[in-house]
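The points are numbered and may be read in any order.

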Amino acid sequence: MKSIKNSIINVSLVVFILLLLYPPTGNPMKVFAYRLLSFTPFVKAESDRLEVSNYYWRLNEVTGNTSINFEDSKGKVILVNLWATWCPPCIAEMPSLQNLYTDYKDKIDFYFVTSDNEARVRPFMEKNMYDFKVYNPIGEIPDELYSRSIPATYLISPDGKIVIEKKGAADWNSKTVRETIDALLQKKGN
């Protein structure tokens, strides 16, 4: 009986690996796996929080000609997400970011930043029914927000401290993240 159980486990593992390697099913399987492994990001201890030293960062809205400056958000609660349409961990965390955006879009500033062009972003947004704005960077990203990997997400307090810094997929629609945002908004006086 133990032999049959081990055989079933081994066959299941081989099938899972083959599905990951097979191009038509590989990306959806990776996204599924990342969603299963996405946990709430950690809130940094006050003593470990870096401060954003330079807010001058120009961005263009991907689907329009609107140019903005990150500097306009100084003194506000900000969430910055660096991502791409082809990135499985980015895709995995997007539903939780959309849920957070839906509830907080009028209270905090969101920056979803990608190097992808409109031809890639627009179909991705429409297919998934995401309604947040997506930006392309024009200038240099602030040093404290630079990452060699994506997704990279930062929650920044009104005083410019990075409260949460997460590289890799996470559950951004968690109780911990919402309580952290609410505390930052309350502290700010919103």
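In which loop is Pro 151 found?

1. Pro 151 is found in the loop between β5 and β6. The peptide bond that leads from Ile 150 into Pro 151 is cis, with omega near -5°. Strands and helices are named here as DSSP runs numbered from the N terminus (helices H or I, at least four residues; strands E, at least two).

2. Basis of the note. The model is predicted, so that local features need pLDDT of at least 70 and side-chain atom pairs count only at pLDDT 80 or more, whereas totals for chains, interfaces and linings use all residues. Residues are numbered from 1 along each chain as its sequence is written, and side-chain values use heavy atoms, with hydrogens and water left out.

3. Overall composition. The protein chain has 5 helices and 7 strands, and their order along the sequence is α-α-β-β-β-α-β-α-β-β-β-α. Of the 190 residues in the chain, 43% are buried (buried means under 20% relative accessible area, exposed over 50% and partly exposed in between, with a 1.4 Å probe and protein chains only). Among contacts (heavy atoms within 4.5 Å) between residues at least 6 apart in sequence, 69% join residues at least 24 apart.

4. The sheet. The 7 strands form an open sheet of mixed pairing, in the order β2-β1-β5-β4-β3-β6-β7; two strands pair if DSSP finds at least two bridges between them. Because β2 (67–69) and β7 (162–167) stand at the edges with a single partner strand each, one side of each is left without a neighbour in the sheet. From one strand to the next, the twist averages 25° (axes are lines fitted to C-alpha atoms, for helices over the stretch in contact, and angles run from 0 to 180 degrees between N-to-C directions).

5. Strand β3 (residues 78–82) and strand β4 (residues 109–113) run parallel and are joined by 5 bridges. Leu 82 stands opposite Val 113 in β4, and the bridge partner of Asn 81 in β4 is Phe 112. Helix α3 (residues 88–104) packs on the sheet, where it touches β3, β4 and β6 (152–156), and its direction makes about 150° with that of β4. As for burial, 5 of the 5 residues of β3 are buried: Ile 78, Val 80 and Leu 82 point one way, and Leu 79 and Asn 81 the other.

6. Strand β1 and its partners. With β2, strand β1 runs antiparallel through 3 bridges, and a hairpin of 5 residues joins the two. Asn 60 stands opposite Ser 67 in β2. With β5 (residues 134–137), strand β1 is likewise antiparallel, joined by 3 bridges, and here Glu 61 stands opposite Tyr 135.

7. Thr 66. This residue is placed in the loop between β1 and β2. Thr 66 is partly exposed, with a relative accessible area of 40%. Beyond its neighbours within four places in sequence, Thr 66 is in contact with Leu 59, Asn 60 and Glu 61. Thr 66 and Tyr 135 are 69 residues apart in sequence, yet their C-alpha atoms are 9.3 Å apart in space.

8. Met 129. Met 129 lies in the loop between α4 (118–128) and β5 and is exposed, with a relative accessible area of 71%. Its phi is near 55°, a positive value in a residue other than glycine. Met 129 and Pro 95 are 34 residues apart in sequence and 9.7 Å apart in space, C-alpha to C-alpha.

9. The largest pocket. About 250 Å³ of space lies in the largest pocket. A pocket is an open set of points on a 1 Å grid over the protein atoms alone where a 1.4 Å probe fits, with protein on both sides within 12 Å along at least five of seven lines; lining residues have an atom within 4 Å of a point. Grid points are joined across faces, edges and corners, and the volume is the space filled by probe spheres set on the points. Of the 15 lining residues, the closest to the centre are Leu 82, Val 113, Ser 115, Pro 137 and Ile 150. By class, the lining has 11 nonpolar, 3 polar and 1 charged residues (Ala, Val, Leu, Ile, Met, Phe, Trp, Tyr, Cys and Pro count as nonpolar, Asp, Glu, Lys and Arg as charged, and the others, Gly among them, as polar).
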